[in-house]
Amino acid sequence: MAEKVEDLNLPLSVITRIVKDSLPNGTNVSKEARTALARAASVFILYITSTANDIATKSSRKTINTNDVLKALEETEFDEFMEPLSASITEFRKNAQEKKNRLSTGKKSLENGDGKADTSSKSVEEIEDDDEEEEENA
Amino acid sequence: MVQLTNISDKENVNMSGKNIGDASSKLPLSRVKTIMKSSPNVDSIGAEVIFTVSKCTEIFLQFMSLGGLKRCNSQKLLDYKGIAELVNTDDKLNFLSEVLPRKMTFREAKKLLQTPDDDDASESSDEA
């Protein structure tokens, strides 16, 4: 999957947008700070993934589920992230459910659909091939 | 700016001014997945887990930016120094200390190398 080292980098433009959105208006971010934050984000993903994977392995499961990730946050002392995160997960599940309903009821639900839900479910589709059981587990 | 998009987004905007609580990922999920899979012994990952980690990383970036800016000399510019300072003062960011070390001048590094009793410091200045 990851053939080149660049494959493990996150796009700088996206990182910059997230960083600028978090800072007060008019704050500048040096180029070096941007690349540093991008690198930190990649390492953070690996750190959380491997911690969550250890938690899953301990409960003799092969695949990581959402709860493992939340536990990993606790273990790594990032529990302060859990509150905003759980709101996103709730939203994500709601969207996934809506999408399921839409697929089963066909055209009827098209009118409830909005652009936002569509884009997010599209990206979900791309990666959903692995396993869908995770959602029930969590 | 998100406020006008749709009704289902409303509560998220209330939760945090930076629309952190929404269901769309700003980071590319396929890339997040690639990074996750590069971790040893991780084979298949569910879509929800990828989304969760991606969102988590967004919050992490927010945390790093705000914390880094606090440690900058100027509150108008987030620079590397502020981020390195944050990494090396917050214990839970220890995992980043080798990735984002404090910078030092050559003079400082040389001085550290010349004090043989401080093993840790001379080692890290070697790497830097």
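User: In this predicted model, which residues of H2(A) and H2(B) meet?

Analyst: On the H2(A) side they are A:Ser42, A:Ile45, A:Leu46 and A:Thr49. On the H2(B) side they are B:Val32, B:Ile35 and B:Met36.

User: How many residues of that contact are nonpolar, polar and charged?

Analyst: The contact of H2(A) with H2(B) has five nonpolar residues, two polar and no charged.

User: How do I read the geometry of a helix pair?

Analyst: Two packed helices are described by the angle between their axes and the distance between the axes. Take the case here. H2(A) spans residues 31–58 of chain A, and H2(B) spans residues 29–37 of chain B. Their axes come within 9 Å and cross at roughly 55 degrees. That angle makes H2(A) oblique to H2(B).

User: What is the handedness of the crossing of H2(A) and H2(B)?

Analyst: H2(A) crosses H2(B) in a right-handed sense.

User: Now take H1(A) and H3(B). At what angle do their axes cross?

Analyst: At roughly 55 degrees, with the axes coming within 9 Å. H1(A) covers residues 12–22 of chain A, and H3(B) covers residues 47–70 of chain B. H1(A) and H3(B) are therefore oblique to each other. Their crossing is right-handed.

User: Which residues make the contact of H1(A) and H3(B)?

Analyst: H1(A) supplies A:Ile15, A:Ile18, A:Val19 and A:Ser22. H3(B) supplies B:Glu58, B:Leu61, B:Gln62, B:Ser65 and B:Leu66.

User: How do the residues of the contact of H1(A) with H3(B) divide?

Analyst: Five are nonpolar, three polar and one charged.

Definitions and conventions: Residues numbered from 1 in each chain as written. Chains lettered and ligands numbered in written order. Predicted model: local features only at pLDDT ≥ 70, side-chain atom pairs only at ≥ 80, totals over all residues. Axes fitted to C-alpha atoms, helices over the stretch in contact; angles between N-to-C directions. Helix = DSSP H or I, 4+ residues; strand = E, 2+ residues; numbered from the N terminus. Parallel < 35°, antiparallel > 145°, perpendicular 65-115°, else oblique. Left-handed = near helix turned anticlockwise from the far one by under 90°. Contact = placed C-beta atoms within 7 Å. Nonpolar A, V, L, I, M, F, W, Y, C, P; charged D, E, K, R; others polar.
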